[in-house]
Amino acid sequence: MSQGRQLTFNIFRYDPQEPNDKPKMVRYQLTETPGMTVFIALNKLREEQDTSLQFDFVCRAGICGSCAMVINGFPTLACRTLTAKYPKGEITLMPLPGFELIGDLSVNTGKFMRELAERLKLWLHPKANDISIHRLEDPMAPEEAARLYELERCVECGVCVSACATKQMRETFVGAVGMMKIARFELDSRDARTAEDFYHVIGNQDGVFGCMTLLGCQDNCPKDLPHMQQIAYLRRKMAMTLV
Amino acid sequence: MISVTRVHTRVKTQGIGHPWSAKADRLQSATGIMLGCFLLLHMHFESSILLGKEAFYQVVQLLEGGMFSSTGHGFPMVTKVFSVFMLLVVIVHAAVALRRFPAQLGQWRALRSHLGGINHRDTHAWFWQLITGFILFFLVPVHLFTMILNPEIGPHLSAERVYHDNAWLLYALLLPAVVIHAMIGLYRVAVKWGITAQRSGLRKLAKVLIIYLLCLGSASLVAYMFIGSELSVPVQPYVPQ
């Protein structure tokens, strides 16, 4: 097998825990191997060249949503990005903007997602007659289950939040992930909340009416979730509420 | 065993939703569609000068209600009243669209840093819509005030305005700003409300329309310059042969 080409990585380095550390870009060289992903490359770099390099990963298969970062200007999952995609062999890695920085490429998306879930009450609110735990749940139509499952595919990677200029400008904006989850409960026939209840949560400048349809969420979502259609659906729905 | 308390009542979320949030969003889109569609018509009406003075004269007489007068001449009052109406629509659109502006310096910095760090075409398109929108705050009222105070339109009268009154400068700045703003805006409003999912097709259409309208507008502006340069002051209104 022929020798792999040399890849150049420009990686954002900054450890907020270090009192005298300053944000900087550091260059690393690495020999490419067949089928190499950015995630594999980062592990190799950490193993062979710099043990202090911080980045997140769990599943290495695009399911956990931990390894999201900005790769050459596109926020996406490192484990699903092949280095072969870059003909020049130059790869710049930045942490996802808009989240609390843990260090280098690692950001605290979990804290953001938890606060969002608490703020938007992203859990099932059963109907009043569904209180008894002894009562069997009504069966759900397969079509409805499929619709819900489609929206449940979100891995909370934070890419939609980082790709959204609206969110970057307005700290309190809920972003596509928030609206996707609201839409999921809005579609769920078991949920007691009415359109009016949802209006009080997202019918404002921080919610669906603050969305400027820049579509960074739609174009960058690594799970190809239908953000554009879903936000348009919520917008139509909410625009007809409280009239 | 730890007991978990679950509250299974109808959720009372905080009453933060206000009907005006929805109204403002609907108003912005509705006035935007009105203005965008009006621009498409307006550009074609005014560029009828490219088909000759007679064609433009007939278009003006028709739009000013010439069929309702005994002489066949339209009423400039129609232009005046319509301009006042358009000014009101512009004011409403500007007022609700202001919600989108990065009004604070920190927001502007966040936007600039986002544009520099994240590679995304639609966000860049919005940035240009923002810039042209800001420019239009100043240029559209000037254009509309001219039409309200001095509503006479005609092959010679319009050419006089463009050439002798130096309105070409206003139009040369207004044309690219309004065309870019309106076409990106029409594209955005269509995907915003989910009118169509054919996004790439729409984006191409918006691009083609921007180039087409810029060519059309520039050509008719040049035509007025030529007509204006051939007229001597005081300019006599055009009389059809």
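1. Chain B contains 8 helices and 0 strands, where helices (H or I, at least four residues) and strands (E, at least two) are DSSP runs, numbered from the N terminus. Followed along the sequence, chain B reads α-α-α-α-α-α-α-α. The model is a predicted one, in which local features need pLDDT of at least 70 and side-chain atom pairs count only at pLDDT 80 or more, while totals for chains, interfaces and linings use all residues. Residues are numbered from 1 along each chain as its sequence is written, and chains are lettered from A and ligands numbered from 1 in the order in which they are written.

2. On overall shape, chain B has a radius of gyration of 23 Å, well over the 18 Å that the globule rule gives for 241 residues, so chain B is more spread out than a compact globule. The radius is taken over C-alpha atoms, and the rule is 2.2 Å times the number of residues to the power 0.38. Along the principal axes, the C-alpha atoms of chain B fill a box of roughly 100 × 40 × 35 Å. Of the 241 residues in chain B, 27% are buried, a residue being buried if 20 or more other C-beta atoms, placed from the backbone, lie within 10 Å of its own.

3. Within chain B, helix α7 (residues 168-192) packs against helix α8 (residues 199-230) at an angle of about 165°, with the axes 10 Å apart. Axes here are lines fitted to C-alpha atoms, for helices over the stretch in contact, and angles run from 0 to 180 degrees between N-to-C directions. α7(B) and α8(B) are therefore roughly antiparallel to each other, the term covering angles over 145 degrees.

4. In chain A, helix α3 (residues 142-152) and helix α6 (residues 175-187) have axes that come within 9 Å and cross at roughly 165°. α3(A) and α6(A) are therefore roughly antiparallel to each other, and their crossing is left-handed.

5. Chain A also holds an open sheet of 5 strands, in the order β2-β1-β5-β3-β4 and with mixed pairing; two strands pair if DSSP finds at least two bridges between them. The edge strands are β2 (24-31) and β4 of chain A, each of which pairs on one side only. Direction ignored, neighbouring strands of this sheet are turned by 30° against each other on average.

6. As to the individual pairings, β1(A) and β2(A) are antiparallel over 8 bridges, with Q6(A) bridging to T31(A) in β2(A). Strand β1 (residues 6-13) of chain A and strand β5 (residues 90-94) of chain A run parallel and are joined by 4 bridges; N10(A) has T92(A) as its bridge partner in β5(A), and F9(A) stands opposite I91(A).

7. Strand β3 (residues 68-71) of chain A pairs with strand β4 (residues 74-77) of chain A in the antiparallel sense over 4 bridges, and A68(A) has L77(A) as its bridge partner in β4(A). The two strands β3(A) and β4(A) form a hairpin with 2 residues between them, and N72(A) in the turn has a positive phi of about 45°.

Methods. Angles under 35 degrees count as roughly parallel, over 145 as roughly antiparallel, 65 to 115 as roughly perpendicular and the rest as oblique. A residue is buried if 20 or more other C-beta atoms lie within 10 Å of its own, exposed if 12 or fewer, and partly exposed in between; C-beta atoms are placed from the backbone. A crossing is left-handed if the near helix is turned anticlockwise from the far one by less than a right angle, and right-handed if clockwise.
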